[in-house]
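Reader: I have a model open and would like to go through it slowly. Could you help me read it?
Author: Gladly; let us look at it together.

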Amino acid sequence: MDTRQAPLIALVAGETSGDLLGAGLIAALRRRWPDARFIGVGGERMAAAGQHSLFPMEKLSVMGITEVIRHLPELFRLRRQLVDDLLARRPAVVITIDSPDFTLGVAKRVHAAGLKTVHYVSPSVWAWRQGRVKGIRRDVDLMLTLFPFEARFYEEHGVPVAFVGHPLADMIELEVDARAARRELGLAEEGRILAVLPGSRGGEVGQLMPDFTDAMVRLRARYPDLRFVIPAANGARRAQIDAALAGTELPVTVVDGQGRTVMAAADAVMMASGTATLEGMLLKKPMVVGYRLGAVTFAIVSRLVKSDYVALPNLLCRKPLVPELVQQALNGAALADAVAAWLDDPDGVARLRDDFTRVHRELRGGASEKAATAVAALLQEDH
């Protein structure tokens, strides 16, 4: 069978953001090869796009160094099982998506056995553990990056790379209708709203919600008309959030999911560091980013990190546009002051919107299509 007509393509994703990217890439690859078959590991979106998943993606979703250590035996077993399956089936290419601690180990093993490899979403090699770039150069035939500063890093280190942009930049309009978002959530169109996003994982919410709640109490005293909306990622997170808010009598609306709509409806956002900060930036929202890791994890990470920033908007713009309150700097008073600084500075918010709009335009242009084009070029090198 001619693999150019109906290639077998493996994609391996480890968490929800990777599932979203994988689904978009599968759809774009299918437009080139309608009869292509897709295997590997993915979530619900990749399954809906037509992938057969070897085991549920949720088995790979763990966070933080100490949490990962606890799950290592199972992760190693799953990786061996996956690698054995891929080597038996010999797909035309293995595309690993994000989750680098797991997926790059897969890429290393299958590449050593002669399979072509693509990695989609750069690990933060420019920020920490830069030595990993040597392994990537050895194990990955093509790196697909979401951001231009990442592509520059790989070019400097001799790794074949394609900057494809970010699918979210195409999904989110350049202009956002806050009033429409409020109507969608059943909120009054008038008045000021702070969106509060304490994260999607239990550990994050546990670390951040006490300080976020303290900040909300302080902000309510300062701005009596201010209301709060919190999207809960799932039922377990909702229970955590409700427990943190118990006894505060704050005007809070907790909604199920809909994080993007909640941010679109808000005047400002107080949030955990992570991919949601990119959504906040694309929605042109002034934000305050807080993060706290477990003491052991932070002690290890802080010795290794070479980046000045943790929040994606600051990394993308190469300047401290949004406040980052990390570890000891994170407390209710500091969070409240940082949010108040945005609420009291409409000119500063307007300047921030201009910066965010410029980056939004740079990241647009069909990431899934660009990624599929780069993968297709790699496959055609042999023919």
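Reader: How many bridges join strand 1 to strand 2?
Author: There are 5 bridges between strand 1 (residues 8–13) and strand 2 (residues 37–41), which run parallel; strands here are DSSP runs of E of at least two residues and helices are runs of H or I of at least four, numbered from the N terminus, and two strands pair if DSSP finds at least two bridges between them. This is a predicted model, where local features need pLDDT of at least 70 and side-chain atom pairs count only at pLDDT 80 or more, while totals for chains, interfaces and linings use all residues. Residues are numbered from 1 along each chain as its sequence is written, and side-chain values use heavy atoms, leaving out hydrogens and water.

Reader: What stands opposite L11 in strand 2?
Author: That is G40. On the strand 4 (residues 93–97) side, strand 1 also pairs in the parallel sense over 5 bridges, and V12 has T96 as its bridge partner there.

Reader: Is strand 1 mostly covered or exposed?
Author: Mostly covered, since 6 of its 6 residues are buried, where buried means under 20% relative accessible area, exposed over 50% and partly exposed in between, with a 1.4 Å probe and protein chains only. L8, A10 and V12 point one way, whereas I9, L11 and A13 point the other way.

Reader: New topic: which residues does I95 contact?
Author: Leaving aside neighbours within four places in sequence, I95 is in contact with I9, A10, L11, V12, L25, L29, V118, Y120 and V375, contact meaning heavy atoms within 4.5 Å.
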